[in-house]
Structures are given as structure tokens and as C-alpha cells.
Amino acid sequence: MSALPGMTVAPGAGASGSAVATVSQWLAPVLGRTRQDGSATGSVSLHHFGYLRLIICETGPLCLTRGAGSIAQDSGDAIAVLIPRHGSVRLVQDGRGGLVESGQLALIDLRRAFSVEQRERTRLLFFRLPAHALHLPVSALRTVTARALAPTGGVAALLGPLLLSLEESAARMPAAVGERLGGIVTELVAALVQECTESAEEGDESPRTGRRQLIDTIREYIERHLEDPELSAERIAAAHFISVRYLHRLFEGEGVTVGRLMLRRRVEECARELARRARVSRSISVVAARWGFRNAAHFSRTFRAVYGCSPQEWRREANAQPAVGPGAAA
């Protein structure tokens, strides 16, 4: 077994620094971005177990995305098993996504679009292996990708501990032993996919469950980006690798369209802030702009549609309420 030294990202380096470049070289071509107030720091290292690669990424906060552009540049035939060693990540692929917690497993088809988002510094293990070595159709893999699998039963209970032990012994394992273990991992991953596929066919995991999970994921995404004036149905769909048409279909049973949900939540946050700040000098237009409204007239109309009054009337009503707390009149 051979190991390559970790490539460390200098503090303050941008998301296009060596961490993302190294992951692109060893895992799959990806784009990386950090939070506005953060930077990509950490290290990435590689170990080989025959054709099985272990890529250890200790980075964050960072979002790695493989989109149409990077797919066009690469025709690699590989999948990966993702395990957060500590911390958690949000994984999206094949129109669904969710949180993968420490110790859980999740499969990624590296030949298709996906994203892995770290909100904090996280130690991630990517076990990369050739997809053709599984001898499974792409349709079978699509039923399993981006699903958090707890290693508490079935094949996952065998695969999870084995993968963690490979990380612990990677530096001292003889190459011949590592190659044999790489083959065992491949067989277990294939068995895991078959097990999950059969469970889905038997009804243990209904399409409704996956649909609900995706809707919840999209709602969480909207909450995190409410302040962004560029938030739109197109951006939400692109972030979750689904079409705008499918996004609207998902919300047909929610009693609200995606656009109205965004507007309502923004107005609710504005109302909360206006009431909370009723006794301090703060422009209503500033509050509206903070929550993504670019046009004051549009904000006023939307606010009235939700609350039945103007923002000014809402603020006056809040001002009229008696003060509560130390110093309030008895």
C-alpha cells in the first residue's frame, strides 16, 4: 500500500486552493466554495488498497459540487462511499438529499452531479472504487445514492467497521493485504446496493419517503438562504440537481408554491424584526432589504397580503404595546 502526503491549504486560501484541486485529482473533478465569512483550511491525504482509494479530507466549512461542466471534462467510472468520521455533512444527488451523521455511510455515484456541504470543520472519508467492479446496473445505484445508512444492521453493519479499520491501519498495512481487503470492500458495497434495492422493491422505503425527505431538504435550504435576494426557484432546483418543473411538482401537495413560500417566510422574518426593533430607529426599507426585498412597493404589497396591514401600521401597533421588563412602568 502506498500513501501520498497530505496537501495542506494555507489559512485564508480561497475555495479554489489546493484542497479542492487535490480532491478533484483523487476523487472526481469538483468545484468548491466557502461561506462568505469562512475560508478553506485543512488537509487532504490519499491511501491505496489495490484499486480502492481512501481519500481523507479534514476541511471546512466547504461545499464540494460536481456539476455538468466537470462531468463533461471527465469520463471516470467510479463511485464512493462517504463516511463522516466526525461532524456531519449534507449530501445531495439524484434529486434527493439529507444529513449524513458521524459514522453513517452514504454512496455517491461520481459519474453524476452531486454536492457535499460541510457547515463546519469535518473529517470525511471517501472510499473510491471503480463502478464497473460492482457489476451492477446504474438504475440499482440510483436507488441508494445520497441515503444515510446507519451501520447497525445488515450489510452496513459489516461494511462500516471494516472501512473505519482501514483508515486506522492504512499507514502500516502491507500492500498485498490492502489489495485483498480492497476486493472485500468492493463485494460488500455491491451486496449493500443489492440489499437496499431489494428493500425498496419490497416496500420498506416508499417513494413517498424519499419525496418527503427532499421537500424537507429544500425547505431547509430556503431557510438558510432567505436573506439572499438572488434566491429563486431556478437556483433551488440547480442546488438540488432537479428541474424547476419537478421542483414545482414536489410542492403541489404542500399547499403553497415555492415562490409564495419564500415570500411568506421573508415577510414573517421582516415582521418579527420590525416588532422586535419597534422602539429603536431602524428604517423599514433596511429591514426589507436585509430579507431579500429589493423593491419597497413590492415589499409593502406582499406584507399587506400576509398580515392585512402595511409595515408602517404593523410597526406602530408594536410601538403601542406596553414595554415589558426591568424599567417598565408598574
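A: Let us start with Leu 166, which, leaving out residues up to four places away in sequence, touches Phe 49, Leu 52, Leu 54, Phe 127, Met 173, Leu 181 and Val 185; contact here means heavy atoms within 4.5 Å. This is a predicted model, in which local features need pLDDT of at least 70 and side-chain atom pairs count only at pLDDT 80 or more, while totals for chains, interfaces and linings use all residues. Residues are numbered from 1 along each chain as its sequence is written, and side-chain values use heavy atoms, with hydrogens and water left out.

Q: Which residues have the most contacts inside the largest nonpolar core?

A: In soluble globular proteins, nonpolar side chains tend to be buried together. A nonpolar core is a set of buried Ala, Val, Leu, Ile, Met, Phe, Trp, Tyr and Cys residues joined through side-chain atoms within 4.5 Å, where buried means under 20% relative accessible area, exposed over 50%, and partly exposed in between, with a 1.4 Å probe and protein chains only. Here the largest core has 35 residues, and Leu 107, Phe 127, Leu 166 and Leu 192 have the most contacts inside it. Its largest share, eight residues, comes from helix H5. A second, separate core of 30 residues includes Ile 215, Ala 233, Leu 274 and Phe 299.

Q: How should I read the buried residues of helix H1?

A: An α-helix has 3.6 residues a turn, so residues three or four places apart point the same way. Helices (H or I, at least four residues) are DSSP runs, numbered from the N terminus. In H1, residues 18-26, the buried ones are Ala 19, Val 20, Thr 22, Val 23 and Trp 26. Seen down the axis of H1, these fall within an arc of 160°, so they line one face of the helix; the arc is that of the directions from the helix axis to the C-beta atoms.

Q: What is Thr 217 in contact with?

A: Thr 217 is found in helix H6, residues 207-224, and is buried, with a relative accessible area of 4%. Leaving aside neighbours within four places in sequence, Thr 217 is in contact with Arg 90, Gly 97, Gly 98 and His 240. A polar atom of the Thr 217 side chain lies 2.8 Å from the backbone oxygen of Gly 97.

Q: How many disulfides does the structure hold?

A: A disulfide is a pair of cysteine sulfur atoms within 2.5 Å, and the structure holds zero of them. Cys 63 is buried, with a relative accessible area of 7%, and Cys 196 is buried at 18%.

Methods: Helix = DSSP H or I, 4+ residues; strand = E, 2+ residues; numbered from the N terminus. Polar contact = N/O pair within 3.5 Å; in protein donor to acceptor, adjacent residues only side chain to side chain.
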